[in-house]
Amino acid sequence: QVQLVESGGGSVQAGGSLRLSCAASGRTDRTAAMGWFRQAAPGKERKFVAAITWSDGITYYTDSVKGRFTISRDNTKNTVDLQMNSLKPEDTAVYYCSTRVTGSSTYDYWGQGTQVTVSS
């Protein structure tokens with residue numbers, strides 16, 4: 001089992017920045033990748049935002065955040081961060097941290113989520 005705890009959400013005006021952090025504990029030795037997803041409202045689809053492979057740090061982003069968001073990891077601390085710059089109102093969502101373990105094709109473990117609100 002892996003436990004994930006997010007922090008760093010909050011409210012900001014458009015154009016501002018926030019940094020989200022996620023700390024993993026438990027069976028982190030099998031981590032293959034960690035990612036961030038967001039859900040704009042209850043009942044809406046949880047969508048991919050960014051991911052990073054654990055061994056070599058390859059990053060992936062959804063098109064709408066490229067050039068604005070940066071995902072990074074610290075293997076020694078088992079943490080993954082999401083630096084969000086030039087925030088837009090459409091970035092408003094609950095952001096979830098997730099991890100994919102070795103041998104799995106899906107993200108299997110999820111944090112509780114942290115709210116990000118961007119006002120215009």
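Reply: Aspartate 81 counts as buried because its relative accessibility is 16%. Buried means under 20% relative accessible area, exposed means over 50%, and partly exposed falls in between, for a 1.4 Å probe and protein chains only. The model is predicted, so local features need pLDDT of at least 70 and side-chain atom pairs count only at pLDDT 80 or more, while totals for chains, interfaces and linings use all residues. Residues are numbered from 1 along each chain as its sequence is written, and side-chain values use heavy atoms, with hydrogens and water left out.

Aspartate 81 sits in strand 8, residues 79-84. Strands here are DSSP runs of E with at least two residues, helices are runs of H or I with at least four, and numbering starts at the N terminus. The side chain of aspartate 81 makes a polar contact with the side chain of arginine 19, at 3.2 Å. A polar contact is a pair of N or O atoms within 3.5 Å; within protein, one must be able to donate a hydrogen and the other to accept it, and residues adjacent in sequence count only if both atoms are side-chain atoms. Beyond neighbours within four places in sequence, aspartate 81 is in contact with Arg19, Leu20, Ser21, Cys22, Trp36, Thr70, Ile71 and Ser72. Contact means heavy atoms within 4.5 Å.

Two strands pair if DSSP finds at least two bridges between them. Strand 7 and strand 8 run antiparallel and are joined by 6 bridges. At one point, phenylalanine 69 stands opposite methionine 84 of strand 8. Strands of a sheet pair through backbone hydrogen bonds.

What follows strand 8? Aspartate 91 lies in the loop between strand 8 and strand 9 (93-101). Aspartate 91 is buried, at 1% relative accessibility. Its side chain meets that of arginine 38 in a salt bridge, 3.0 Å from N to O. A salt bridge is a side-chain nitrogen of Lys or Arg within 4 Å of a carboxyl oxygen of Asp or Glu. Arginine 38 is in strand 4 (residues 31-39), and the two partners are 53 residues apart. Arginine 38 is buried too.

Aspartate 91 also forms a salt bridge with arginine 68, with the closest N and O atoms 2.8 Å apart. Arginine 68 is in the loop between strand 6 (59-61) and strand 7 (69-74), so this pair ties together parts that are 23 residues apart in sequence. Arginine 68 is buried, with a relative accessible area of 10%. The structure holds 5 salt bridges.

Serine 64 joins the picture through arginine 38. Their side chains make a polar contact at 3.5 Å. Serine 64 is in the loop between strand 6 and strand 7. It is partly exposed, at 40% relative accessibility.

Of its 9 residues, 7 are buried, so strand 9 is largely enclosed by the rest of the structure. Strand 9 pairs antiparallel with strand 4 over 8 bridges. Here methionine 34 has threonine 99 of strand 9 as its bridge partner. Threonine 99 also stands opposite tyrosine 109 in strand 10. Strand 10 (residues 109-110) runs antiparallel to strand 9, with 2 bridges. Strand 11 (residues 114-119) is joined to strand 9 by 3 bridges, again antiparallel. There, tyrosine 95 has threonine 114 as its bridge partner.

Last, strand 4 again. Threonine 31 lies in this strand and is buried, at 12% relative accessibility. Its side chain reaches the backbone oxygen of threonine 28 at 2.9 Å. Leaving out residues up to four places away in sequence, threonine 31 touches Trp54, Thr99, Arg100, Val101 and Thr102.
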